Amino acid sequence: MRSFIAEFKAFILRGNVLDLAVAVVIGAAFTLVVNSFADDVLLQIVAAVFGKADFSSMFLTVNDTPIRFGAFFTALVNFVIVALGVFAVIKGVATLQNLRKREDELVESPAPSDEVLLLAEIRDLIARAQGPS
């Protein structure tokens, strides 16, 4: 039983399991924010323009069968909003990573030491003395 518990503890404490747990929690929080933005802001703008915030009540009847295209359109609008939100976050993270990479590249490497300069000079002299190979 102790071996099982030790293995389980090692599994739980592995980095990728913890990273996945954090990603799920942050993803859930991000979903709430995006859904609130879609429902409370964008669809309210749609309501101001078209008179309804939700298109799900719109349907077309064919042979006494309702075809609820409004629900599909609402789901499509929500999908586009979520996709734009995810795109914006990914684009922002990529931009920040590129900025950090550029900053790291701009950091000057230290000047070579006297020993390194002397060894490079000796190498060049030996190469010149040996002539073209």
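A: Happy to! Let's begin with a term: contact means heavy atoms within 4.5 Å.

Q: Okay, what does Thr74 touch, not counting residues up to four places away in sequence?
A: Thr74 touches Asp54, Phe55 and Ser56, with residues up to four places away in sequence left out. Before we go on, this is a predicted model: local features need pLDDT of at least 70, side-chain atom pairs count only at pLDDT 80 or more, and totals for chains, interfaces and linings use all residues. Residues are numbered from 1 along each chain as its sequence is written, and side-chain values use heavy atoms, with hydrogens and water left out.

Q: Got it. Is Thr74 buried or exposed?
A: Thr74 is buried, with a relative accessible area of 11%. Buried means under 20% relative accessible area, exposed means over 50%, and partly exposed is in between (1.4 Å probe, protein chains only).

Q: And where is Thr74 placed?
A: Thr74 is in helix α3. Helices (H or I, at least four residues) and strands (E, at least two) are DSSP runs, numbered from the N terminus.

Q: What about Val89, where is that?
A: Val89 is in helix α3. At 41% relative accessibility, Val89 counts as partly exposed. The C-alpha atoms of Val89 and Thr74 are separated by 23 Å, and the two residues are 15 apart along the chain.

Q: Let's zoom out. How many helices and strands are in the chain?
A: The chain has four helices and two strands. Reading from the N terminus on, the elements run α-α-β-β-α-α.

Q: Why is the chain described as more spread out than a compact globule?
A: Because its radius of gyration is 31 Å, well over the 14 Å that the globule rule gives for 133 residues. The radius of gyration is taken over C-alpha atoms, and the globule rule is 2.2 Å times the number of residues to the power 0.38. Along the principal axes, the C-alpha atoms fill a box of roughly 95 × 55 × 30 Å.

Q: And what share of the residues count as buried?
A: Of the 133 residues of the chain, 8% count as buried. The chain exposes about 11,400 Å², and carbon and sulfur atoms supply 68% of that area. Accessible areas come from the Shrake-Rupley method with a 1.4 Å probe; for residues, only the protein chains shown count as cover.

Q: Which residues make up the largest nonpolar core?
A: There are seven: Val34, Ala38, Leu43, Val46, Phe55, Val77 and Ile81. α2 (15-50) and α3 (69-106) each supply at least two of its residues, and the largest share, four residues, comes from α2. A nonpolar core is a set of buried Ala, Val, Leu, Ile, Met, Phe, Trp, Tyr and Cys residues joined through side-chain atoms within 4.5 Å.

Q: What does Ile81 touch?
A: Ile81 touches Val34, Phe37, Ala38 and Leu42, again not counting residues up to four places away in sequence. In soluble globular proteins, nonpolar side chains tend to be buried together.

Q: New topic! What can you tell me about the loop with Asn63?
A: Asn63 lies in the loop between β1 (60-62) and β2 (65-67), and Asp64 lies in the loop between β1 and β2 too. Asn63 has a positive phi of about 55° although it is not a glycine. Asp64 has a positive phi of about 60°, and it is not a glycine either. Asn63 is exposed, with a relative accessible area of 72%, and Asp64 is exposed at 75%.

Q: How many salt bridges does the count come to?
A: The count comes to one. A salt bridge is a side-chain nitrogen of Lys or Arg within 4 Å of a carboxyl oxygen of Asp or Glu. Here the side chains of Asp124 and Arg123 meet (3.2 Å, N to O). Asp124 is partly exposed, with a relative accessible area of 34%, while Arg123 is exposed at 54%.

Q: Last one: how many residues does helix α4 have?
A: Helix α4 (residues 114-130) has 17 residues. From its first C-alpha to its last it reaches 24 Å, close to the 24 Å expected at 1.5 Å a residue. That expected span is 1.5 Å times one less than the number of residues. Gly131 follows α4, and its phi is positive, near 80°.
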